[in-house]
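Please read these notes with the model open beside you.

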Amino acid sequence: MNLLDDLKWELKKRNNSLVKLILLNVIVFIVMEIVNVTLIISGNETIMPLILDAVSLPSSFWTFLYKPWTIISYAFVHDLSNIFHILFNMLTLYWFGRILSDMIGSRRLLSLYILGGISGGIIYLLIYNIGVDYLNIPNGRGILMGASGAVYAIIVGAAALSPNYTVSLFFTWQVKIVYIAAFVIFISFLGTVGSNPGGNFAHLGGALFGYIFINQLQRGRDLGKPIPIFFDWVAGLFKKRSSIKITYRNVTGTTPVNNLAPNEKEIDDILDKISRSGYESLTKEEKQKLFKASQNQK
C-alpha cells in the first residue's frame, strides 16, 4: 500500500476527525508549497499572492462579502514562509485534540474546530471594521490565515472540560492544562498590540468560543450539532445508493445489556464530575460510559 492509498484510507475512516483535520492542513500546505515553487521557477511568482488572497480571510468586510467561503478556508491555509506556523498549530491540535476527542467524541471535535475558526474570523472582521485606530491597515488589505483560532478553541475547550488534567512538559514537569490555556490566552492578549494584532484577536475569538461550546455542552446544548449533519449530507451525495433493503428483527424482543447506551442524565453527571474534579477522577465504569456515549455521537 503506497502513501496515496494510506491517505485515502485515513480520510475514509470514520471517527477520526482529528487525523483528518491534521491531514487536510498538511496536504493543503504541501500543495501550496509545490505550486509556489513551480510558479517561482516558471517566472509567474505574482500568481501565488492571488491564490492566497482567494482562500485567506480579508480584513475588509466588503471584500469578505464577495468571498464568504474564506471564513472557513482561511483556517486550513498557513503562511508558506514560516513552517513553524503550521508545525506549532498541528502539534497543539494533536495534543489537545486527543484529550478532548476522548471526552466529547470525534464529531464534536470537528464541530468545535470549524466553529472555533469561524468565531476567530468573525472577531477578526469586527476588530478591523469598527475603527480601531492603532491597527491601521493600509486600504484594508490585511488577510488572515492559519488554524490558530480553531486550535485555541480546542485548547480552551479541553481546559474548560477537564481543568485538572495534567500533561508532561519536557518529560519532567506535570502541568494542568488549565494553566497552559491561561498562558496562551495571556500571550495572545499581549499580542493584540504587537506586530500581528489581527491574528491574536482571532486567537482570542476562538478561545472564547471554546469556553462557550463546552459550557453549553455541559448544560445539555450541543452548539455544533449542525456541523456533522451537514458533512454527512455532503458525504451522502457522493455515496452510491443500494437498491437492496436489509431489515433486522430482534427475535427475542430484548436488547443486550452491553449495547445499552448511557442516558443523558448519566452523561451530564459525568461531565459535571469532570468539571469539578477532572477526567482522572472518573471510575473505570464512568469512563466506559463516557466512551460509549462519545461513540454514539461520532
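1. Residues are numbered from 1 along each chain as its sequence is written, and side-chain values use heavy atoms, with hydrogens and water left out.

2. Start with pLDDT, the predictor's confidence in each residue, from 0 to 100. The chain averages 81, and 73% of the residues score at least 70. Helix α5 (residues 70-73) has the highest confidence, at 96, and helix α1 (residues 3-12) the lowest, at a mean of 55. Helices here are DSSP runs (H or I, at least four residues), numbered from the N terminus.

3. Take care with residues 250-259, where pLDDT stays under 50. Where pLDDT is low, the predicted coordinates should not be read in detail.

4. Now look at helix α10 (residues 197-218). Its 22 residues reach 32 Å from first C-alpha to last. G220 follows α10, with a positive phi near 95 degrees.

5. How many salt bridges does the whole structure hold? The search finds two (a side-chain nitrogen of Lys or Arg within 4 Å of a carboxyl oxygen of Asp or Glu).

6. D53 and K67 form one of them, at 3.3 Å, N to O. D53 lies in helix α3 and K67 in the loop between α4 and α5, so the pair ties together parts 14 residues apart in sequence. K67 is buried, at 10%.

7. D222 pairs with R108, at 3.1 Å between the closest N and O atoms. This pair links distant parts of the chain, 114 residues apart. R108 is buried, at 17% relative accessibility.

Definitions and conventions:
This is a predicted model: local features need pLDDT of at least 70, side-chain atom pairs count only at pLDDT 80 or more; totals for chains, interfaces and linings use all residues. Helices (H or I, at least four residues) and strands (E, at least two) are DSSP runs, numbered from the N terminus. Contact means heavy atoms within 4.5 Å. The expected span of a helix is 1.5 Å times one less than its number of residues. Buried means under 20% relative accessible area, exposed over 50%, partly exposed in between (1.4 Å probe, protein chains only).
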